[in-house]
Every structure is written in structure tokens, then in C-alpha cells.
Amino acid sequence: MGHSLPPPRLTMWAWGRLAQYLLLPFFGGLLLLDIIFYLIFRYGFDSCYGVLCLLE
């Protein structure tokens with residue numbers, strides 16, 4: 001017959017910090033890796049890479 005509190009949950013600030021410190025560096029690393037592969041294939045092998053093959 002007492003009071004029951006709702007379980008703790010993440011606030012919007014916590015989701016923002018999660019995105020800032022985990023998701024953005026992860027996707028930034030993937031973007032950097034994609035740029036490196038693009039440059040290697042474009043200037044190293046003189047061929048297209050990924051979706052660019054369809055556009056050229």
C-alpha cells in the first residue's frame with residue numbers, strides 16, 4: 001500500500017550525450033574510412049568505388 005516510483009530512464013540530455021560521445025565518433029570514423037578507400041581506388045587503382053560506379 002506504499003508509493004511506487006517509476007524505474008529510472010534516460011533523459012533527452014543523456015541521449016544527446018550518448019550520440020555525442022559514441023555515435024558521432026563511430027560514424028565519423030566510418031566516413032573517414034570511406035574517404036580513404038575512395039582515394040585509394042580513385043588514384044591508386046584508377047577505378048570507381050561503390051555507388052560512384054553507377055553515377056559515372
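The following dialogue explains how several terms are applied to this predicted model.

Guide: This is a predicted model, in which local features need pLDDT of at least 70 and side-chain atom pairs count only at pLDDT 80 or more, while totals for chains, interfaces and linings use all residues. Residues are numbered from 1 along each chain as its sequence is written, and side-chain values use heavy atoms, with hydrogens and water left out.

Visitor: What makes up the secondary structure of the protein?

Guide: The protein has two helices and zero strands. Helices (H or I, at least four residues) and strands (E, at least two) are DSSP runs, numbered from the N terminus.

Visitor: Why is the protein called more spread out than a compact globule?

Guide: The radius of gyration, taken over C-alpha atoms, is set against the globule rule of 2.2 Å times the number of residues to the power 0.38. For 56 residues the rule gives 10 Å, and the value for the protein is 22 Å, well over it, so the protein is more spread out than a compact globule. The C-alpha trace spans about 75 × 20 × 15 Å along its principal axes.

Visitor: How does the reach of helix H1 stand against the expected span?

Guide: The expected span is 1.5 Å times one less than the number of residues. Helix H1 (residues 12-44) has 33 residues, and its 45 Å from first C-alpha to last is close to the expected 48 Å. H1 also has a kink of about 35°, centred on Ala19; the bend at a residue is the angle between axes fitted to the seven residues ending there and the seven starting there.

Visitor: Why is the pair of Phe26 and Phe27 called edge-to-face?

Guide: Rings of Phe, Tyr and Trp (its six-membered ring) pair if their centres lie within 6.5 Å; planes under 30 degrees apart count as stacked, over 60 as edge-to-face and the rest as tilted. By this rule there are two aromatic pairs. The centres of Phe26 and Phe27 are 5.4 Å apart and their planes stand at 65°, so this pair is edge-to-face. Phe41 and Phe45 also form an edge-to-face pair, with 5.4 Å centre to centre and 70° between the planes.

Visitor: Are Phe41 and Phe45 buried, partly exposed or exposed?

Guide: Buried means under 20% relative accessible area, exposed over 50%, and partly exposed in between (1.4 Å probe, protein chains only). Phe41 has 28% and therefore counts as partly exposed, whereas Phe45 has 56% and therefore counts as exposed. Buried residues make up 0% of the 56 residues.

Visitor: What makes Asp46 an exposed residue, and where is Asp46 placed?

Guide: Asp46 has a relative accessible area of 67%, so Asp46 is exposed. Asp46 lies in the loop between H1 and helix H2 (52-55). Although Asp46 is not a glycine, it has a positive phi of about 55°.
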